[in-house]
Amino acid sequence: MKGFFPSSFDFKQQITPDERIVQLRILRGLGFVVHLAILVSHFILFPSQGGKVFIYYTTWGVAMTMLAFGFSLISTFFDDSTPARKHYHKFCYVVFEAVWTSEAVITIFFWLVLTWVIPKELWSFGMVVYMIDLHIYPFALLVVDMFMTRILFRMCHVVFIMIPPIMYMFLSIYLSLAHNIVAYPVLTWKDIITVPSAIILVALFIGLFIAGYYIGKKGFKRTEDEEGSDFTDELKDV
């Protein structure tokens, strides 16, 4: 495998493997640069907050998406001919699964829940554009990458995709209880609504990861023991 890419290609689209790799590099390069710009814009638009922008999981999502695109872009420039390179490709694989799932949760949670608690007077045109940059654009690019690589999520990796949200949960609890800093009104860790909210979010993470798995299995018609599948064969020992 080269560049986090499957061995089989959809030639019905009349696109050669070399052309697809170029497209993938453009997509990932654009994803890295734009998410870096979004991350930097946080500090420009909200200079008084500084590092406090990371109290929001949305900011975590932007940073993780930037890193995922950066790591996977690098992976397109070498094969897996050595153990170190093969492990790097595995790393990119798991990172993509985790970031895709986190961004799916961020997108759904924001537009279905948090938009209702933002005062209507704050919804200017600039606000809408900024919210799209934060809560639609990252996931949209990840979905495009997913369809280009035809990745099949592995069910045994569900443990890995829960690492970022669990880390954020502990940070959120600490900030709320020790410094009275609350990022989301449904996750204050001080009232009863926090418990069902946390349970629903955990279920959402797992549910969307499973949805991603079935997109690959049913939509891309991939199987975990598919013959010649670079993604699955080399990850059986992960």
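A salt bridge is a side-chain nitrogen of Lys or Arg within 4 Å of a carboxyl oxygen of Asp or Glu. This structure is a predicted model, in which local features need pLDDT of at least 70 and side-chain atom pairs count only at pLDDT 80 or more, while totals for chains, interfaces and linings use all residues. Residues are numbered from 1 along each chain as its sequence is written, and side-chain values use heavy atoms, with hydrogens and water left out.

The structure holds one salt bridge. It joins the side chains of Arg-28 and Asp-145, at 2.7 Å from N to O. Arg-28 lies in helix H1 (residues 17-45) and Asp-145 in helix H5 (residues 137-149), so the pair ties together parts that are 117 residues apart in sequence. Helices here are DSSP runs of H or I with at least four residues, numbered from the N terminus.

Two further helices, H3 and H4, pack at an angle of about 150°, with their axes 9 Å apart. Axes are lines fitted to C-alpha atoms, for helices over the stretch in contact, and angles run from 0 to 180 degrees between N-to-C directions. H3 is therefore roughly antiparallel to H4, a term for angles over 145 degrees. Contact means heavy atoms within 4.5 Å; H3 contributes Glu-103, Ile-106, Thr-107, Phe-110 and Trp-111, and H4 contributes Met-131, Ile-132, Leu-134 and His-135.

The next subject is the pockets. On a 1 Å grid over the protein atoms alone, a pocket is an open set of points where a 1.4 Å probe fits, with protein on both sides within 12 Å along at least five of seven lines; lining residues have an atom within 4 Å of a point. Grid points are joined across faces, edges and corners, and a volume is the space filled by probe spheres set on the points.

The largest pocket has a volume of about 550 Å³. Of its 21 lining residues, Tyr-56, Met-127, Met-131, Leu-134 and His-135 are the closest to its centre. H4 (125-135) supplies the largest share of this lining, five residues. The lining comprises 16 nonpolar, five polar and no charged residues, where Ala, Val, Leu, Ile, Met, Phe, Trp, Tyr, Cys and Pro count as nonpolar, Asp, Glu, Lys and Arg as charged, and the others, Gly among them, as polar.

The second largest pocket has a volume of about 330 Å³. Its centre is closest to Pro-165, Tyr-168, Leu-187, Leu-201 and Phe-205, out of 21 lining residues. H7 gives the most to this lining, with five residues.

Key
Helices (H or I, at least four residues) and strands (E, at least two) are DSSP runs, numbered from the N terminus. Angles under 35 degrees count as roughly parallel, over 145 as roughly antiparallel, 65 to 115 as roughly perpendicular and the rest as oblique.
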